[in-house]
Amino acid sequence: MGELVAEAWPAPSAQDIGGWLLRHAGGVTKRANSVLPLDDPGDVHRAIERAEGFYTALGLPTVFSMDAQARPAGLDGVLEGRGYDLVDPTLAMATELSGPYERDGVDIADAPSIEWLDLWWSVDGRYDHQLPMAEKILTGVSAGYACADGLAVGRGVPQGEWLGIYAMAVAPEARRRGLGRRVLRALLGWGSEQGCERAYLVVVERNAPARALYEAEGFVRAAAYHYRVRNVTTR
């Protein structure tokens, strides 16, 4: 599922070093600024050093996105041995699109409006002065942008049989009103209309409220990943 996630949240720039993709997007999100180790690069320590040089030159930390398909096998242990911290254990959850799903007044557009971006960024924006780069990532592939009452948003990315759900956000003052559920159901219905048969999303393990919502809507654990972040104080 790692390649689906990478396609749905595309880094504007990436360099391939023997099967590892060195992605960068000005530091906006670890997902778009990390190594995606898709294949065995040969000399793994040399490849890690190349990655470290690449990100250091950009003024960014060296981060690896790690799941069960990361190559070579044993890479996670190698990174741990080199002082890389394990960060943000994350679940990928999936469900069949069985519908029908009510749109329930949720608007879905083919581009994010200023209002959509402002709401999402007010909840999820952790990168000063980087909204333009975040918008570039969001709009790097075709997607649907859902908004409920100007208080909750979400993004759906059709990927063949799959629909990826991203950027779910509810204004703090409007939580516990079912707005996130309305957005989710509307996106699932929209994805079904696009020909998708299954949906997936990713959620940080520690986000118990979001996990509870997704489980209640039929999502189950399908995979897991985490990041390895270079701890420069150990070098």
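1. Starting with helix α5: the elements that cover its buried residues include α4 (114-124), β7 (144-148), β8 (152-159) and β9 (162-170). Cover here goes by contact, meaning heavy atoms within 4.5 Å. Helices (H or I, at least four residues) and strands (E, at least two) are DSSP runs, numbered from the N terminus.

2. Before going on, a word on the source. This is a predicted model, where local features need pLDDT of at least 70 and side-chain atom pairs count only at pLDDT 80 or more, while totals for chains, interfaces and linings use all residues. Residues are numbered from 1 along each chain as its sequence is written, and side-chain values use heavy atoms, with hydrogens and water left out.

3. Which residues of α5 are buried? A134, I137 and L138, in the helix spanning residues 131-138. They sit on the same side of α5 because they cover an arc of only 100° around the axis, the arc being that of the directions from the helix axis to the C-beta atoms. P132 and K136, on the other side, are exposed. Buried is under 20% relative accessible area, exposed over 50%, partly exposed in between (1.4 Å probe, protein chains only).

4. I137 also turns up in the surroundings of T29: leaving aside neighbours within four places in sequence, T29 is in contact with W9, Y127 and I137. T29 belongs to the loop between β2 (20-24) and β3 (35-37), and counts as buried at 11% relative accessibility. Its C-alpha atom is separated by 8.4 Å from that of R126, 97 residues apart along the chain.

5. On to salt bridges (a side-chain nitrogen of Lys or Arg within 4 Å of a carboxyl oxygen of Asp or Glu). The count comes to 12. One of them pairs E52 with R82, closest N and O atoms 3.5 Å apart. E52 is in helix α2 (residues 44-57) and R82 in the loop between α3 (75-81) and β5 (84-96), so the pair ties together parts 30 residues apart in sequence. Both E52 and R82 are buried.

6. R228 and E80 meet in a salt bridge too, at 4.0 Å, N to O. This one links distant parts of the chain, with R228 in strand β11 (residues 220-230) and E80 in helix α3, 148 residues apart. R228 counts as buried at 5% relative accessibility.

7. R182 deserves a look. It is in helix α6 (residues 179-193) and is buried, at 19%. Its side chain meets that of D149 in a salt bridge (2.9 Å, N to O). D149 lies in the loop between β7 and β8, so the pair ties together parts 33 residues apart in sequence.
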